[in-house]
Every structure is written in structure tokens, then in C-alpha cells.
Amino acid sequence: MNVPVRRIKVPSSSGIGCGCCKCLHLGFLHSSHGMFKIIEMILGGLCQTMLMNFGPAQAQLIGMSFYSLLSANAAATSGVTLLLICYVLSENTYNLIRTSIFEIIFNLSAAFSYLSASTFLSIAVNLYLYPVYLVTMGFISYPAMIAAYTIGFALGITHAVDAYHAYRHYKGFPTN
């Protein structure tokens, strides 16, 4: 006996329909989780731009601290961008990843990487670039590297707060 299979459509809370389903989960972008991801992506891109435009010329002078923040930023910003794309394309992916421990560990590791690399760069910049800044007219690498590690500190704090919100979501506490 053949029993017909009933397909149940679960209505999406927000999305753009393409006929048979809700393809884009744009409501995510208006949530606090979406705002965190957008802020992390924009600040990460800004930090990467500052590092790439003004850091390579001074990399010999400030050493591994430059490469440390550059690597941390590239890894975290790539991860955030991929998560943002996945969350916008699939509400199911958002619900599965956000309720797992992955988001907590990712954000904690990004926060630790940003905070440690920014601390390292801040020490190197103030120790090695500040004297050059005092004697060289128009030396813009010093303020640019200060901006880069300041953005790195802001990103570290943002990822830490995002990890806290992800933990609350993971434990089932209400989030907005």
C-alpha cells in the first residue's frame, strides 16, 4: 500500500520567497546577532585596509607584531564573512550553528587573537614607531598603526560580547 508523503512547509519568520521557499533570511540582519556580524565584518575590513596600506613598509621595524594582527584579522574576518553569508542564505543554518558550541568557541578564539595581537602591536608601535614619528615629518604609519590596533581592541571586545550572547543562546536564555 502506497501512502502519499505529505510535505510540510515550515514558514520562515522573514525571508524573500523564490516560489517554493524562503531563500534569503534577511530578518537575521536586523537582529542583534546580525548587527554583531555586520559590525565585525566592517571593522575587520577597515582594520585589514589599515594594516595592508600602512603596515608592510614598517614590518621590518615592528616585526612579528604586524603579522600577528594581520593574521588574526584575516582569519576572523574571513570566518565572520562566511558565517554572515551562510546565515543570510539559510535560516536553518543560522538555527543549527547558533545553537551549537561552534559560535561560542569561534568568537572566543577571535576575541583572544585580536586582544593578544593588538596588545603585541601596541607595544611594538609605541616602542619602535613613536621615536621615528617624533623626528620624521609626515610619518603617517604611526597614527595608522595606532588606528589598526585600536580597531583590533574594539574587535576583540565585540567578539567577546558576541561569544557571551552566543553562550546565552546556546543555554536557551532569551536573547533579543
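**Exercises on a predicted model**

Lys37 forms a salt bridge with Glu40, their closest N and O atoms lying 3.5 Å apart, where a salt bridge is a side-chain nitrogen of Lys or Arg within 4 Å of a carboxyl oxygen of Asp or Glu. The model is predicted, so that local features need pLDDT of at least 70 and side-chain atom pairs count only at pLDDT 80 or more, whereas totals for chains, interfaces and linings use all residues. Residues are numbered from 1 along each chain as its sequence is written, and side-chain values use heavy atoms, with hydrogens and water left out.

**Exercise 1.** Explain the placing of Lys37 and Glu40 along helix α1.

*Solution.* Lys37 and Glu40 are three residues apart in helix α1, and therefore about one helical turn separates them. Helices here are DSSP runs of H or I with at least four residues, numbered from the N terminus. The structure holds five salt bridges.

**Exercise 2.** Describe how α1 and α3 pack.

*Solution.* Begin with the geometry: α1 (residues 32-54) and α3 (residues 64-89) pack at an angle of about 145 degrees, with their axes 9 Å apart; axes are lines fitted to C-alpha atoms over the stretch in contact, and angles run from 0 to 180 degrees between N-to-C directions. Then take the residues in contact (heavy atoms within 4.5 Å), which include Lys37, Glu40 and Gly44 of α1 and Phe66, Asn73 and Tyr87 of α3. Finally, sort the contact residues by class, which gives 13 nonpolar, six polar and two charged.

Definitions and conventions
Helices (H or I, at least four residues) and strands (E, at least two) are DSSP runs, numbered from the N terminus. Ala, Val, Leu, Ile, Met, Phe, Trp, Tyr, Cys and Pro count as nonpolar, Asp, Glu, Lys and Arg as charged, and the others, Gly among them, as polar.
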